[in-house]
Amino acid sequence: MCELYSKPDTLALRGKHIGPSCKVFFAADPIKIMRAQGQYMFDEKGQRYLDCINNVAHVGHCHPEVVKATAKQMELLNTNSRFLHDNIVEYAKRLTATLPQTLSVCYFTNSGSEANDLALRLARQFRGHQDVITLDHAYHGHLTSLIEISPYKFQKGKDVKKEFVHVAPTPDTYRGKYREDHEDAATAYADEVEKIIEDAQSRGRKIAAFIAESMQSCGGQIIPPAGYFQKVAEHVRRAGGVFIADEVQVGFGRAGRHFWSFQMHGKDFIPDIVTMGKPMGNGHPVACVVTTKEIAETFSSAGMEYFNTYGGNPVSCAVGLAVLDVIEKENLQGNAVRVGNYLTELLEAQKAKHPLIGDIRGVGLFIGIDLVKDHEKRTPATAEAQHVIYKMKEEGVLLSADGPYRNVLKIKPPMCFTEEDAKFMVDHLDGILTVLEEVTETKSDGVISENTVCRTKEVHVEQPNHGTTESRENHSRKRNGVCSDQRTLLSKRLKT
Ligand SMILES: Cc1ncc(COP(=O)(O)O)c(C=O)c1O
């Protein structure tokens, strides 16, 4: 529930103070969205926005198949999972079929936070350990139990880090402790986790879990180096802990070649618990934890039943099934590969042209543009990133900026994003960066703030074509070593 200090009317709120209980995109000039279709959103004046932000509307906003399935089940029955129902069984079967065989027990929840909270309970029950290792800048949800393990939140708030929480360095080979020139960044980052475990154990503490997103999103679109997860899993399991892969943002085929992002790290890496949410219901609140039989049996044998009033209800499962059908029918994974490759190519060309672009990284339709003030020091261009997202909004393109310095432009659009959309977005970005760089150059201090006036300049931008396009897949680009091809996993840095 979102309470506002002012009148609950977006127009009335423009330019005014919005209460802290409601954080909106583009707070200085928020948009009121009235309807959406596919990868487009429309405001109250009918202005169309290309949605590059929304990884929740996974198969496209208001997809007719999903809408139909929801309404059909809603008309027939919705009740809690204390009754037998085919939908929950069918959905659990379909989900587990996408995962390695050992991940065979599903618990349905209503949000990613609930899923991660339950994952922590399962992990702690498994061996009776309490401590959790999390990555720096990670976000895993809004419940108390998750704020505690989310440095993205607790480091900004007044909360101090709890004793049972251990923060490992983010395996970021662009800006992190070990970079792309390190001879083995994966091992170096995994060794940091091992050190944390040894240090905790020397103080009598016991590791219950290591939790990480398979690709870190709020942390700045970070793709861990190949081999990192395998090595971490070894250290953690040796300490009696389990590996939790948070796929709440990055699951359901966003990575393109793989349905789950953890799978791009190779067949020899299987987490003990996988959590999923956001894209799962295309906007409907449904989420899930999947784990092994052994972990599930330990949990139930302790006598604590798991019950969740709405989790796994027939409507949520019907929605989830419809989403899976659409991903398959429309080959959205193939689209993520094709359009993601094309978009990255366009962005690499922009990187060669614009000094503000320090790094382009990503997989499938999960891409980050790291803006920097200078290439050598990689100083984050935070104000510039904010300026760019506001200017892009004016041009009808919705982007967000995140990461510890809020300088990484995040691209994670609905999976029906087309090559025309990619070109449209990049052409606008090109125009905005060109003007911004001119302004920055002419200012002796090279400083730009969010209020810097951006001179308008005629920029030729092609309008996207609404039809679908069949276009070539770029085979030449090996993205972040994450192709199904095992050879590429040898690359030191999962980098394009
Ligand atoms: C990686 C990750 N995990 C968990 C969550 C929590 O999901 P929810 O907001 O559905 O509770 C989020 C939400 O942004 C997330 O990004």
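Mentor: Here's the ligand site, starting with the ground rules. This is a predicted model, where local features need pLDDT of at least 70 and side-chain atom pairs count only at pLDDT 80 or more, while totals for chains, interfaces and linings use all residues. Residues are numbered from 1 along each chain as its sequence is written, and side-chain values use heavy atoms, with hydrogens and water left out.

There are 13 residues around the ligand, and G112, S113, D246, Q249 and K278 come nearest (a residue is near if one of its heavy atoms lies within 4 Å). That shell splits into eight polar, three charged and two nonpolar residues; Asp, Glu, Lys and Arg count as charged, Ala, Val, Leu, Ile, Met, Phe, Trp, Tyr, Cys and Pro as nonpolar, and the others, Gly among them, as polar. Helix α4, residues 112–127, gives the largest share of the shell, three residues (helices are DSSP runs of H or I, at least four residues, numbered from the N terminus).

Now the polar contacts, meaning pairs of N or O atoms within 3.5 Å. S113 puts a polar side-chain atom 2.5 Å from a ligand oxygen, and Q249 has one 2.8 Å from an oxygen atom of the ligand. With D246, a side-chain N or O atom lies 2.8 Å from a ligand nitrogen. On its own the ligand exposes 390 Å², and the protein buries 86% of that (Shrake-Rupley areas, 1.4 Å probe).

Note on methods:
Polar contact = N/O pair within 3.5 Å; in protein donor to acceptor, adjacent residues only side chain to side chain. Helix = DSSP H or I, 4+ residues; strand = E, 2+ residues; numbered from the N terminus.
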